[in-house]
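Me: Hi, I'm new to this one and would like a quick tour. Can we go through it together?

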Amino acid sequence: MKFTKATNYALHTMLMLVTDSSVKPVGVQQLAEAQQVSPTYLSKILTRLVKAGMIESVSGANGGYRLSRNKDDITFLDIIHAIEGTNSLFECDFVHGSECLIQAVMREAEEKMESHLKHTKLVDLAQKQAQI
């Protein structure tokens with residue numbers, strides 16, 4: 001199972017914003033440089049996070065991005081869904097009845113993974129990072 005690079009950048013960007021947690025916006029250039037990624041590419045990812053209501057964009061000379069949700073409520077799953085969507089990772093293409101046993105196993109595995117990601121808060125990771 002593999003998530004896109006966009007999800008990787010989104011998770012790292014959100015961790016940076018949660019760790020910073022100031023009201024002052026962080027510029028896209030600063031966020032991009034910290035991850036060694038193109039600001040143009042990161043801007044597209046940030047747009048998805050804005051649409052998902054996790055961050056907000058602030059215009060102007062001191063503009064940038066900051067959290068728009070309580071940092072204690074942001075989970076890994078929220079970020080992954082904002083970037084990857086909510087479609088299942090596995091879909092059986094065979095026509096052999098309404099309940100495919102393979103699909104059922106894959107769905108159960110996906111539900112367990114989603115449960116873990118739903119209960120993993122970014123703020124907990126930020127606290128661990130601060131202790132290192």
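Me: Where is Gly 64 found?
Reply: Gly 64 is found in strand β2. Before we go on, this is a predicted model, where local features need pLDDT of at least 70, side-chain atom pairs count only at pLDDT 80 or more, and totals for chains, interfaces and linings use all residues. Residues are numbered from 1 along each chain as its sequence is written, and side-chain values use heavy atoms, with hydrogens and water left out.

Me: OK. Is Gly 64 buried or exposed?
Reply: Gly 64 counts as buried because its relative accessibility is 8%. Buried means under 20% relative accessible area, exposed is over 50%, and partly exposed is in between, with a 1.4 Å probe and protein chains only.

Me: And what is Gly 64 in contact with?
Reply: Leaving out neighbours within four places in sequence, Gly 64 is in contact with Pro 25, Val 26, Gly 27, Glu 56, Ser 57 and Val 58. Contact here means heavy atoms within 4.5 Å. There's also a C-alpha separation of 9.4 Å between Gly 64 and Leu 31, which sit 33 residues apart along the chain.

Me: Let's zoom out. How many helices and strands are in the chain?
Reply: The chain has six helices and two strands. Along the sequence they follow the pattern α-α-α-β-β-α-α-α. These are DSSP runs numbered from the N terminus: helices are H or I with at least four residues, strands are E with at least two.

Me: What box do the C-alpha atoms fill?
Reply: Roughly 60 × 30 × 25 Å, taken along the principal axes. The chain has 132 residues, and 31% of them count as buried.

Me: What about contacts between residues at least 6 apart in sequence?
Reply: Of those, 61% join residues at least 24 apart.

Me: How many residues are in the largest nonpolar core?
Reply: It has 31 residues, and those with the most contacts inside it are Met 14, Leu 42, Ile 45, Leu 49, Ile 55, Ile 79 and Leu 122. The elements giving two or more residues to this core are α1 (5-20), α2 (28-35), α3 (39-51), β2 (64-67), α4 (76-84) and α6 (122-131). The largest share, eight residues, comes from α1. A nonpolar core is a set of buried Ala, Val, Leu, Ile, Met, Phe, Trp, Tyr and Cys residues joined through side-chain atoms within 4.5 Å.

Me: Which residues is Leu 42 in contact with?
Reply: Setting aside neighbours within four places in sequence, Leu 42 is in contact with Tyr 9, Thr 13, Val 28, Leu 31, Ala 32, Gln 35 and Val 37.

Me: Where does Cys 92 lie?
Reply: Cys 92 lies in the loop between α4 and α5 (101-118). With 22% relative accessibility, Cys 92 counts as partly exposed, while Cys 100 counts as buried at 9%. Apart from neighbours within four places in sequence, Cys 92 is in contact with Cys 100 and Gln 103. The C-alpha atoms of Cys 92 and Gln 103 are separated by 6.0 Å, with the two residues 11 apart along the chain.

Me: Now loops. What is phi of Gln 36?
Reply: Phi of Gln 36 is near 55 degrees, a positive value in a residue other than glycine. Most residues other than glycine have a negative phi. Gln 36 is found in the loop between α2 and α3, and counts as exposed at 75% relative accessibility.

Me: And is Thr 75 buried or exposed?
Reply: Thr 75 is buried, with a relative accessible area of 5%. Its place is in the loop between β2 and α4. Not counting residues up to four places away in sequence, Thr 75 touches Leu 117, Lys 118, Thr 120 and Lys 121.
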